[in-house]
Amino acid sequence: MLSEQEISGIQTRLVETREDIADAAKKAGRDPKDVTLIAVSKFHPVEALGAAYAAGQRHFGENYIQEALDKQDQLSDLPITWHFIGKLQSNKAKFIPGRFSMVHTIDSGKLAHTLHKRIIAAEAPVQDVLIEVNLGRETQKAGIEEADLSQLAEELMTLDSLRVRGLMLLPPFTLTAEQRRPLFSRLRELRDMLETRLGQKLPVLSMGMTDDFHEAIAEGASIVRIGTRIFGPRPTKL
Ligand SMILES: *Cc1c(COP(=O)(O)O)cnc(C)c1O
């Protein structure tokens, strides 16, 4: 159970976060309406999501399939827009169809083909997806390498159950916000390049978290994914 104080803390920080986002957008000469806030709720109990919902939050992001499905079932009365933002293993793709408005983490042809088959089999609607790009990371495996991005994007265009909407970035945690800024700007360049190449608009740039959303918004983020700033530190267990 969350205390009243914890609930009002979440609601206060949510309001402050929205104000910060609007300030960052204005400073960048952008319309605050062009930046969507996803509240990242992994490891936080459904009551925490309910508190944010009551304060007007509608987009929520989850990282772990089972946890996400459990929360969706518990909150099925609420018209929440769910985003899957965690690493997606091919063997978990069967849980996706019809459950998430956007999957942010497509990073291989294999995963894309598996998800495509699962959507067809489930007769689920077309799934909006983002391609996760690996920028600035030598060792971590999540995200497609820049060199392989065009090929993956072209492959996705052939899968009619998936609709590519843009790119997603999870920068190395070791970098400061200022050091991440060139990566944000690189993601935008890659998006522009792909739009030309595919002859299709890719309006979404999903980048920016608690520590770096100002920089991400300055570089064109259309979605920021913020957890700690709203919900506080993550409990290690639900
Ligand atoms: C956990 C997580 C976030 C939120 O991070 P905070 O620093 O808590 O804002 C955003 N994006 C992804 C992919 C995450 O896993």
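These exercises with worked solutions cover the fold, salt bridges and selected residues of a predicted model.

Residues are numbered from 1 along each chain as its sequence is written, and side-chain values use heavy atoms, with hydrogens and water left out. Local features need pLDDT of at least 70 and side-chain atom pairs count only at pLDDT 80 or more, while totals for chains, interfaces and linings use all residues.

**Exercise 1. Overall form**

Task: Find how many helices and strands the protein has, and test its radius of gyration against that of a compact globule.

Solution. 
- Step 1. The protein has eight helices and nine strands. Helices (H or I, at least four residues) and strands (E, at least two) are DSSP runs, numbered from the N terminus.
- Step 2. The radius of gyration is taken over C-alpha atoms, and the globule rule is 2.2 Å times the number of residues to the power 0.38. For 238 residues, the rule puts a compact globule near 18 Å; the protein has 17 Å, which agrees.
- Step 3. Along the principal axes, the C-alpha atoms fill a box of roughly 50 × 40 × 35 Å.
- Step 4. Of the 238 residues, 52% are buried. Buried means under 20% relative accessible area, exposed over 50%, and partly exposed in between (1.4 Å probe, protein chains only).
- Step 5. Take contacts (heavy atoms within 4.5 Å). Among those between residues at least 6 apart in sequence, 60% join residues at least 24 apart.

**Exercise 2. Surface and charge**

Task: State what share of the accessible surface belongs to carbon and sulfur atoms, then locate the centres of the positive and negative side chains relative to each other.

Solution. 
- Step 1. The accessible surface is about 11,400 Å². Carbon and sulfur atoms hold 50% of that surface. Areas come from the Shrake-Rupley method with a 1.4 Å probe; for residues, only the protein chains shown count as cover.
- Step 2. There are 31 positive and 33 negative side chains. Lys and Arg count as positive and Asp and Glu as negative; His and the chain ends are not counted.
- Step 3. The centres of the two sets lie 2 Å apart. Each charge is placed at NZ of Lys, CZ of Arg, CG of Asp or CD of Glu.

**Exercise 3. Salt bridges**

Solution. 
- Step 1. The criterion is a side-chain nitrogen of Lys or Arg within 4 Å of a carboxyl oxygen of Asp or Glu.
- Step 2. Lys71 pairs with Glu67, with the closest N and O atoms 2.7 Å apart. Lys71 and Glu67 are both buried.
- Step 3. Glu154 forms a salt bridge with Arg197, the closest N and O atoms being 2.8 Å apart. Glu154 is partly exposed, at 34% relative accessibility.
- Step 4. Glu219 meets Arg181 in a salt bridge (2.9 Å, N to O). Glu219 is buried at 11% relative accessibility, whereas Arg181 is partly exposed at 30%.
- Step 5. Salt bridges also link Glu16, Asp20 and Arg229 in a network.

**Exercise 4. Positive phi**

Task: Where do Phe43 and Glu123 lie, and are they buried, partly exposed or exposed?

Solution. 
- Step 1. Recall the background: most residues other than glycine have a negative phi.
- Step 2. Phe43 has a phi near 70°. Phe43 lies in the loop between strand S1 (36–40) and helix H2 (46–54). Its relative accessibility of 25% makes Phe43 partly exposed.
- Step 3. Glu123 has a positive phi of about 50°. Glu123 lies in the loop between helix H4 (109–122) and S5. Glu123 is exposed, at 74% relative accessible area.
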